[in-house]
Amino acid sequence: MFLRSALSRGAQLAARRQSCSQLSQRRGYAAAASSAQSALNYDTSEVAGVKVATRDSHGPTTKLAVVAKAGTRYQPAPGLTVGLEEFAFKNTEKRLALRIVREAELLGGQLLAYHTREALVLEASFLREDIPYFTELLAEVISQTKYTTYEFHEDVERVLKVKQAKLAHDVSALALDSAHSVAFHTGLGASLYPTSSTPLKNYLNEHSIADYAGAVYAKSNIALVGDGATPTALHKWTEQFFKSVPASPTSAVALNTKATTYYGGEQRTPHTAGNSLVLAFPGSSFGTYKPEIAVLASLLGGQPNVKWSPGFSLLSKAAASVPGVVASGSNLAYSDAGLLTIQITGAAASVRKIGEEAVKALKSISEGGVSKEDLTKAIAKAKFNALEASQSGISTLLSAGSGIIHTGKPFEIAETVKSIDGVTADNLKTAAKALLDGKATVAAVGDLNVLPYADELGLKV
């Protein structure tokens, strides 16, 4: 240890510079952290009667999406959400579908339509300076699409049958769909995509789709979300182009808005294309967020995150000893309900074994068998998952838009991360015990001679 007074003048100056540099660096880190946090937040307002959310990542490209409360839970008849999705970017009053495609390609843009159980999303990705064109296009699609008979038969029906054929061999998707049906019955229990055995003929045609569009494509039922655009620019073009969008529904179709109820139960479906087992429990919703469920999902986990490691999660450790099995735990959050799922896919005997191990893992957690190290890893993983999902991408637009159309504001990521930090081992113990004491949901698809029943796993249905 030596005194500063003993230093030469040059050394004193160097020390002072180093001290200033360290202080500046710390301030830089703080500013960067503050900037990163603010970059996750959306600026929200109402423009021309439309709820608009935007944030500017200051990059060269922009994503813009119309998010409508038109997912499968709201459709009054099967297939309407899918039909409306397939009619996106088809002929409008102003443009033919061919013109839309060519103009988007000339501008280097990408057009996408997809749906979830709660939302229908029409999305455009493009160069930043082309925001006027794509804002106009999205407004035109939701307010001036023609819903012609020939497009329904030549495009919508044809694509629907192709996707149904693909779905028929996807046992994982079938099992997850089955689990939702058992857990929620109607609403969130409606199939995400109608199977080939769904009687669509009585419900799905160009007229019923047009009526459904009139019910869901209204300013009161949509949000416009932009990522990579300034509020000034997006507000300007929204004001100009979204005036033609109806302020309220223009058809008499009544949406299914019944609140969600969790039931639980069991369903078994024979299939020759593979084997999948879903064990599900009441989870965390966007409306009532439960951070302990997010941490529990991370602790159950599934696939390892680091190469050459089996992973720290309970399911990844169990699956490491059984080659060919894919197991994962996740919380599927919706506006007024959630479903904590454990999904296992593989050979029937292997699926059965991992299913038994999964229930043992839950029981271990409920008895306080979580190590301090595993808890720390699970909390960190849950925070990473939440923050990663809030960055630029499809899930961000969907999450922000869903938050606005259901609660009036985007879901706040900062509050989510803060609550995850506060989860303790006792919180996990209480949550796991409550799940095991309540009614589970079990869906098995595949070789039912081998796949287990709920009571064989020790679950109550």
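Predicted model: local features only at pLDDT ≥ 70, side-chain atom pairs only at ≥ 80, totals over all residues.

Trainee: How do α9 and α12 lie to each other, roughly parallel or roughly perpendicular?

Mentor: Start with the axes of α9 (residues 291-300) and α12 (residues 372-389), which come within 8 Å and cross at roughly 110°. Angles of 65 to 115 degrees count as roughly perpendicular. So the two helices, α9 and α12, are roughly perpendicular.

Trainee: Which residues in α12 does α9 meet, and what classes does the contact have?

Mentor: From α9, look at A294, V295, S298 and L299; their partners in α12 are D374, L375, A378, I379, K381, A382 and N385. Sorted by class, this contact of α9 with α12 comes out as seven nonpolar, two polar and two charged residues.

Trainee: What about α11 and α15: is α11 oblique or roughly perpendicular to α15?

Mentor: Here α11 covers residues 348-366 and α15 covers residues 425-437, and their axes come within 7 Å, crossing at roughly 130°. Roughly perpendicular takes in 65 to 115 degrees, and roughly antiparallel needs over 145. The angle of roughly 130° therefore makes α11, relative to α15, oblique.

Trainee: Is the crossing of α11 and α15 left-handed or right-handed, and where do they touch?

Mentor: For the touching part, L362, K363, I365 and S366 in α11 meet L428, K429, A432, K433 and L436 in α15. By class, that contact holds five nonpolar, one polar and three charged residues. As for the hand, α9 passes α12 in a right-handed crossing, whereas α11 passes α15 in one that is left-handed.

Trainee: Which residues line the largest cavity, and how many of them are charged?

Mentor: Its lining is made of R73, F184, T186, G187, L188, N256, K258, A259, T260, T261 and Y263. Among these lining residues, four are nonpolar and five are polar. Arg and Lys count as charged, and the number of charged residues in the lining is two.

Trainee: And how many charged residues does the lining of the second largest cavity have?

Mentor: The residues around the second largest cavity are L84, F87, A88, L122, V141, T145, Y147 and Y217. Seven count as nonpolar and one as polar. As for charged residues in that lining, there are none.

Note on methods
Residues numbered from 1 in each chain as written. Heavy atoms only, no water. Axes fitted to C-alpha atoms, helices over the stretch in contact; angles between N-to-C directions. Helix = DSSP H or I, 4+ residues; strand = E, 2+ residues; numbered from the N terminus. Parallel < 35°, antiparallel > 145°, perpendicular 65-115°, else oblique. Left-handed = near helix turned anticlockwise from the far one by under 90°. Contact = heavy atoms within 4.5 Å. 1 Å grid on protein atoms, 1.4 Å probe; cavity = no way out; pocket = protein on both sides within 12 Å on 5 of 7 lines; lining within 4 Å.
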